Every structure is written in structure tokens, then in C-alpha cells.
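This briefing is for a reader meeting the structure for the first time.

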Amino acid sequence: MGLFSGREVSILGAGMYVPERIMTNDDLSKMVETSDEWIRERTGIRERRIARDDELTSDLAYNASLVALKDSGVLPSELDMVIVATNTPDTLFPGVAPKLQGKLKASRAGAFDVQSGCTGCIYAITVAVSGIACGLWNKVLVVGAEVLSRIINWQDRNTCVLFGDGAGALVLGPSLSGQGHFISAELRSDGARSDLITLPGGLIEHPASEETLREGLHYVHMKGNDVFKFVNRLLPSFLKKMVQTAGYQSDQIDWWLFHQANLRIVEGVLRRLDVDMDKAFVNLDRYGNTSAASIFLALAELFDSVNLVKGQKLVLSSFGAGMTYGAILYEM
Ligand code: COA
């Protein structure tokens, strides 16, 4: 894996949507034994968004997609493919992507979901870029959307303080002269650590039963401290090598967009890369960990808030259940 070849591919537009309801750390401290101080110090999170009871993942995906399509000037009828990265599909089938394609009336487009933990965003973007680069597709809508609040055990302080709901979207297409382009991608997995983040119940291994309900197997289970160590051990050398493979050094990257899981992880990885924190874009304080939506939310806000200059380089990087991890290098 490494450099993209074929046609150069650009980000044509970006958008995001988060539910209105804000849940603060103080709100959480009324539900479980925790405190604003503990959550801020250990994670950097101050608040997260929570979807309304009648809001589905496909609704969040739709709202974010409308913004990205408008931003790009691309019409739904021009889309060749709709890809949604999610770990919280409305239903296992149909997937979110076909529902989104139908709602958008993207009549020429195919549609599929990507489920690869929080790294689903990196996998989905990489597949979209590959499909355009080789000439199979022209315009692709790629979305990360999650309603994690419905698979969280709100009595488990180890997990409930970390996650939030949201969606982000990108419209990708062949680069016109002067536009930015994707340079490279690395997608990895360490399935030997598949026990670290799981949602074990309700499917084939543990079909839904009174017992799975009683044991809470339909909720997210996570060995948080092991995830923390896994990521800190692995990501710095992985990212350093990924950037070098593309012909750059870490200090030549203008913006690092990490999976917005924990500020201490972002700080630790950058310290090991010998890169200043002001090169990181961080919004986890306001949204928490939105899993496969996280990189999309960070990108949409980066584009909105920073005047990026042609030639600047961005690294997008994530990790998650699997354990999967990966990164993408983009030049503006
Ligand atoms: N409030 C107060 N105390 C809490 C708490 C909370 N919300 N959650 C856990 N604790 C307690 C633990 O019970 C433990 O208490 P004990 O020492 O009495 O047993 C103590 O805090 C330390 O727990 P530990 O898990 O070692 O803390 P930590 O420093 O590793 O922080 C995480 C916990 C989850 C914040 C951190 O490990 C983390 O962010 N891991 C990565 C998770 C992640 O990124 N997941 C997403 C992957 S996509």
C-alpha cells in the first residue's frame, strides 16, 4: 500500500451535522459516579451531542450530506457512489448508504456501508479515492455518521463519558488543475486485539436473548486502558513511516487530524513525532468521540475555520475496533 496512482482526486466539498442537544460533563456526573474534572483531565472532553429519540443515523448522514453537496456544487444526480462509514447503522440491513442514496434521490448512484470501527472513515475515504483514481467512478459522496448514544450503557462510567453523536460528509471527484489531491493511504488491522472494543450481543455469536439483555451485551464494551496503550505504542512509528513513504518528514505536515477520542492520545502521539500541538486540529472537547464521523467533523471544521493554503499537507488518522488503524495524506 502507499501512493495513489491514476487520476488525481480532490475534496470538492465538505459538510457536517450534529444534533442540537448538548450533554455536558456535569450532566453526566448526575447519572454516574464521575466529575467534570475527571473527564476533562483524562480525556479533554467537555461536552457531546446527543441525537433526539426520533433521529436516526441516516438522518444525521442526510443532513451532513446536504451541506457537503451544496459546498461542492455537485448534484445528487451526478453521484456515482454513496459510501457511509458507520458502526451504528439504523438497522443491520438495509444499510445506511442505500437509505441515504434514496433520500437524496441520487438515482445513478450505488451505495454501501463500511463498518471498520472508528477507522471506518479512513477506509471509506480510501475506497472512494481509489474508485475515482482508477476511473470507475467520477463523483462520490462519502459520509461518516453515528448515533452512538443508543449503543452506550449510560450506567457504565468507563464508556458513557467518551462518546457522542454526529455526522460529516465529503464530496470527492477528479481534480481540476489547481485543486488539492490525495497523495497516499495506509490501512492496517491487528485482529489479534479484537477483544479490546466490542459490541458482542444481538447477532450470530450471541443472538438476542433475555441473557444478552441482562448482561448488557448489546452495549459497547471497551478495555479503555489497553486501547490507550495499544494506540500510543503503535501510532507514532506507523505515522512517521506513512509520511516518509510519501517522501515527507513529520515536520513538513501542516495539519494533523487525529481520531478525536482522547486529547492525551493526540498529545502523546505528537510528542513522539516531535511535532507541536498547534499542528493538531482538535474538536473532541465539543463532540467527544463520534467514531467513524470523527475525522469528517474535524475536516469540516478545519475547512470552515482555517484559511488553508495551496500545497499545505494534512494527515488524517484514526484507530478503532478491530483493532483497525489507518491514515491518509492530502495536499491542498
Ligand atoms: N469517572 C471517574 N472515574 C473513572 C471513570 C469516570 N468516567 N472511568 C473510569 N474511572 C476510574 C476507573 O474505574 C479506575 O478506577 P480504579 O483505579 O479505582 O479501578 C480509574 O478511573 C482509572 O481507570 P483507567 O481505565 O486506568 O483510566 P485511564 O487513565 O486509562 O482513562 C480512558 C480511561 C477510557 C479515558 C482512557 O483509557 C482512554 O481514553 N482510552 C482510550 C479509549 C478510546 O480511545 N476508545 C475509543 C477507541 S475508538
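In this predicted model, 77% of the contacts in the protein chain between residues at least 6 apart in sequence join residues at least 24 apart. The protein chain holds 11 helices and 13 strands.

**Overall dimensions**

- The radius of gyration of the protein chain is 19 Å, close to the 20 Å that the globule rule gives for 332 residues, so the chain is as compact as a globular protein of that length.
- The C-alpha trace of the protein chain spans about 55 × 45 × 35 Å along its principal axes.
- Of the 332 residues in the protein chain, 55% are buried.

**Helices α3 and α4**

- Helix α3 covers residues 57-72 and helix α4 covers residues 96-104; their axes come within 10 Å and cross at roughly 50°.
- An angle from 35 to 65 degrees falls between roughly parallel and roughly perpendicular, and α3 and α4 are therefore oblique to each other.
- The crossing in which α3 passes α4 is right-handed.
- On the α3 side, the contact is made by T57, S58, D59, A61, Y62, S65, L66 and L69, and on the α4 side by V96, K99, L100, K103 and L104.
- By type, the residues of this contact of α3 with α4 are 7 nonpolar, 3 polar and 3 charged.

**Helices α8 and α9**

- Helix α8 (residues 224-245) packs with helix α9 (residues 263-273) at an angle of about 40°, and their axes are 9 Å apart.
- α8 and α9 are therefore oblique to each other.
- The crossing of α8 and α9 is right-handed.
- α8 contributes F228, V231, N232, L235, P236, L239 and K240 to the contact, while α9 contributes R264, I265, G268, V269, R272 and L273.
- The residues in the contact of α8 with α9 comprise 8 nonpolar, 2 polar and 3 charged.

**Residue V315**

- V315 lies in strand β12, which runs over residues 313-320.
- With a relative accessible area of 0%, V315 is buried, since buried means under 20%.
- Apart from neighbours within four places in sequence, V315 is in contact with L239, V243, I253, W255, W256, L257, A327, I328 and L329.
- One of these partners, L239, also belongs to the α8 side of the contact with α9.
- V315 and V171 are separated by 144 residues in sequence and by 18 Å in space, C-alpha to C-alpha.

Technical notes: Residues are numbered from 1 along each chain as its sequence is written. This is a predicted model: local features need pLDDT of at least 70, side-chain atom pairs count only at pLDDT 80 or more; totals for chains, interfaces and linings use all residues. Side-chain values use heavy atoms; hydrogens and water are left out. Axes are lines fitted to C-alpha atoms, for helices over the stretch in contact, and angles run from 0 to 180 degrees between N-to-C directions. Helices (H or I, at least four residues) and strands (E, at least two) are DSSP runs, numbered from the N terminus. Angles under 35 degrees count as roughly parallel, over 145 as roughly antiparallel, 65 to 115 as roughly perpendicular and the rest as oblique. A crossing is left-handed if the near helix is turned anticlockwise from the far one by less than a right angle, and right-handed if clockwise. Contact means heavy atoms within 4.5 Å. Ala, Val, Leu, Ile, Met, Phe, Trp, Tyr, Cys and Pro count as nonpolar, Asp, Glu, Lys and Arg as charged, and the others, Gly among them, as polar. The radius of gyration is taken over C-alpha atoms; the globule rule is 2.2 Å times the number of residues to the power 0.38. Buried means under 20% relative accessible area, exposed over 50%, partly exposed in between (1.4 Å probe, protein chains only).
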